[in-house]
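Reader: I am new to this structure and would like to learn how to read it. Could you walk me through some of its features?

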Amino acid sequence: MTNKKRVHQQVSACSVNLSRYKSATQRKLTSSTIAWSIFFLLLATTSRLFAQNIVTIPIETAKNAMVLQTDKDGRLGIIYFGSRLANNKEYAAIPNQYNSKSDNLPTYNSAYTPAGTWNVIEPAVQITHADGNMSLDLKYVGSDTKKIDANVSLTSILLKDPLYATEITLLYKTYFKENVVEQWSVIKNVEKKPIRMQKYASANLYLMGNDFYLTHYNGTWGNEMKPEEDHLSHGIKSIDSKLGTRANLLEPSAFMVSFGKSATEDEGKVLLGQLAWSGNFKIDFEVDNYNNLRLIAGINPYASEYQLAAAQEFTTPAFIYTFSSNGKGQASRNLHHWATKYRLLDGEGSRLTLLNNWEATYFDFDENKLVGLFKGAKKLGVDMFLLDDGWFGNKYPRDADTAGLGDWQENVKKLPHGIGYLVKEATAAGIKFGIWVEPEMVNPKSELYEKHKDWVIRQPNRPEKYYRNQLVLDLVNPAVQNFVFGILDTLFTKNPTLAFIKWDCNAVIYNAYSAYLPKMGLPQSQLYVDYVKGLYKVLERLRAKYPTVPMMLCSGGGGRVDYGALQYFTEYWPSDNTDPVERIFIQWEYSYFYPAIASSNHITNWSKLPLKFRTDVAMMGKLGYDIVVDKLSEKDLQFSQQAVATYHSISDLVWHGDLYRLVNPNQNPLASLMFANAEKSRAVVFNYLTNTRFMPGATPQPIQLKGLDATKNYTVKEINLYPGTESSLQSTTVYSGNFLMTVGINPDVDLERASVLLEVNEVK
């Protein structure tokens, strides 16, 4: 008999016994006495009901394991997190020593800590029941593990409150080879009236150790992904966002936790994680009294109490993590392998090189100027031309960022023949055509705002506050969802060969208020959550109808980069800061969490550094240009044409190879990283001078490579040379893999050779 059936039978028996008891004694007892008698009988019965034999549940990947175990009272805890044991039967022998040592101490290692009963520490879930009671207890009912395929398994663990009809299912989706886990929870209201959820985390982990180091990131526009490392002490350290949209602008949910000491690229125990959610998040890191680490991750409960109607359930976003005993490099490669295969849209496919007009024209263009740029794109050798902001609005023309946003009709002055004419001319020029949109936003100076203020997130009685002169549309409202979907659908319907979408999101939510929620009898506290749900509904509809069109997730840079959004997009825009030296640092940090194929990197005129340096940096991902080709010198044009061809020759390595970071620019005056294929037969190495103050001469010592086969032989050739220059490296010299990974090779980076690309090929 399954645990679930046994529970139902015992609950039924309890109800029958209570009825008989009441019938036999009702003439002798007052109603109050009867009620208390029933309560204590029910309490005793349910206590026996949820008292279980000890159950051990391992959550395993190829190298790692997390082990959950019930105690004598049926409560579920985490008793192990780390490397996988060879014999999984031995997990049951691990002592549950992390529970409280005495009755007056809290139980720290709960797998999903409830609020209001035995728990007096930070909860993972907090609920107010229909009768106003704010307590919750969760006891194990049963579990099930299903194999989705040879590599992927899903474990479901059902927990219930013994006294209230509240069910919570913990779900763990494991990717065996990739050593990645997706974890989330489903909260179901089985009561007869609505309940209110004050907190509803996706995951509650318990990590064992004596010392923990947290690497997290801060930044702002043009200054994204600045790493900080904290030695975690007792108490709670939180990273969070309250921005609503563009939630990762100031601090992303991506992080690393090192165990025992700060992990390096190749040494140390480290957990990499993030919340797959494109809205407000909160992740708590609490070192407890036993020096272990509690980690609670989920939607930020700030201003987000959520009402759950009877018979409804709420699914939290996935918390995604991987653990490595061999440093940050292996952990990041785990995530890359998982993302390209299972999460990033078309992660195992290819990407379009492009020429964008934004930094070439900004808002100042017309169709003749654009058609002229098409010729430059073809001359350059890229696949596509991307038309950026400024192509729409008539009553309020989009000639600056102050007007027109929301009015998605072609501007008749700039584009008298419409988008269709541009698509046709691009095709005639031998390139594809893509377009920029920012469909979630509106300028107050627009026809949309004049007609539909009720579609705008704004406090009706307070002064409006703008971010980039715009406000956010209320995607909680299905009519707004239809409008946003219709913007894209109309573009594709009118222009079936449209090849690319750049989806921008440049504002955060101020004065949070939805005119739609009160009409539905729902509280304003659901706005932040239901906005993201509404966004995902639009993207799901879009992908159902247009499943293969490449789309860039742009948000003024890295304001919305997460694996919740990236399931709908092929790539993201790391930063509006395209200075190549700054981009080396920004792209370096993003690379821990996202594969290079997802990183859109453009060559612009932001920097006075040579075109070769700017180009080499942009090659570490998906290559694009944001220049006027006709203004290039003869040599610069020749180099750029060769560079596009070179990029196509190495793009498969960059997109699908294993990334190895060789020299960290945060600790050295140069940066070096490489991509190697799975066969270890070919690699490309990127080397850059990042700080001229400390290295006036050439690279002081050889750089040791990684990811090769020690028993194979290789040649090393410098590529992407600027016309008229020669390499200092001998491309015919044969090296063993052992030599290249032990002694290394000197790329001779200096002030004259500030960026050097090397191609490594096996000699057969």
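Predicted model: local features only at pLDDT ≥ 70, side-chain atom pairs only at ≥ 80, totals over all residues.

Reader: Which residue does the side chain of Asp73 meet in a salt bridge?

Author: Here is the general idea: side chains of opposite charge can pair when their charged atoms come close. In this structure, Asp73 is joined by a salt bridge to Lys72, at 3.4 Å from N to O. Lys72 is exposed, with a relative accessible area of 62%.

Reader: How many salt bridges are there?

Author: The count comes to 35 salt bridges. One of them is formed by Lys242 and Asp240, whose N and O are 2.6 Å apart. Lys242 is partly exposed at 39% relative accessible area, and Asp240 is partly exposed at 25%. Some salt bridges share partners, and in this way Asp389, Arg398, Asp401, Glu438 and Arg468 are joined into one network.

Reader: Why does the pair of Glu582 and Lys226 tie together parts that are apart in sequence?

Author: Let us begin with the pair itself. Glu582 and Lys226 form a salt bridge in which the closest N and O atoms are 3.8 Å apart. Glu582 belongs to helix 10 (residues 580-590) and Lys226 to strand 11 (residues 226-231), so the bridge ties together parts that lie 356 residues apart in sequence. Glu582 is partly exposed, at 30% relative accessibility, and Lys226 is also partly exposed, at 23%.

Reader: Now for the rings. How many aromatic pairs does the structure hold?

Author: In general, a pair of aromatic rings is described by the distance of the centres and the angle of the planes. This structure holds 42 aromatic pairs. Take Tyr302 and Tyr528: their pair is tilted, with 6.3 Å from centre to centre and 35° between the planes. Tyr302 sits in the loop between strand 16 (293-299) and strand 17 (306-308), while Tyr528 is in helix 9 (residues 527-545), so this pair links parts 226 residues apart in sequence. Tyr302 is partly exposed, with a relative accessible area of 39%, whereas Tyr528 is buried at 11%.

Reader: Which residues do ring pairs link into a cluster?

Author: The cluster consists of Phe81, Phe212, Phe255, Phe259, Phe285, Phe319, Tyr321 and Phe323. The charged end of Lys414 sits over the ring of Phe365, 4.8 Å from its centre. Likewise, the charged end of Arg583 sits over the ring of Trp573, at 4.7 Å from the ring centre.

Terms used. Residues numbered from 1 in each chain as written. Heavy atoms only, no water. Phe/Tyr/Trp six-rings, centres within 6.5 Å; stacked < 30°, edge-to-face > 60°. Helix = DSSP H or I, 4+ residues; strand = E, 2+ residues; numbered from the N terminus. Buried < 20%, exposed > 50% of the residue type's maximum accessible area, 1.4 Å probe, protein only. Lys NZ or Arg CZ within 6 Å of the ring centre and 35° of its normal. Salt bridge = Lys/Arg side-chain N within 4 Å of Asp/Glu carboxyl O.
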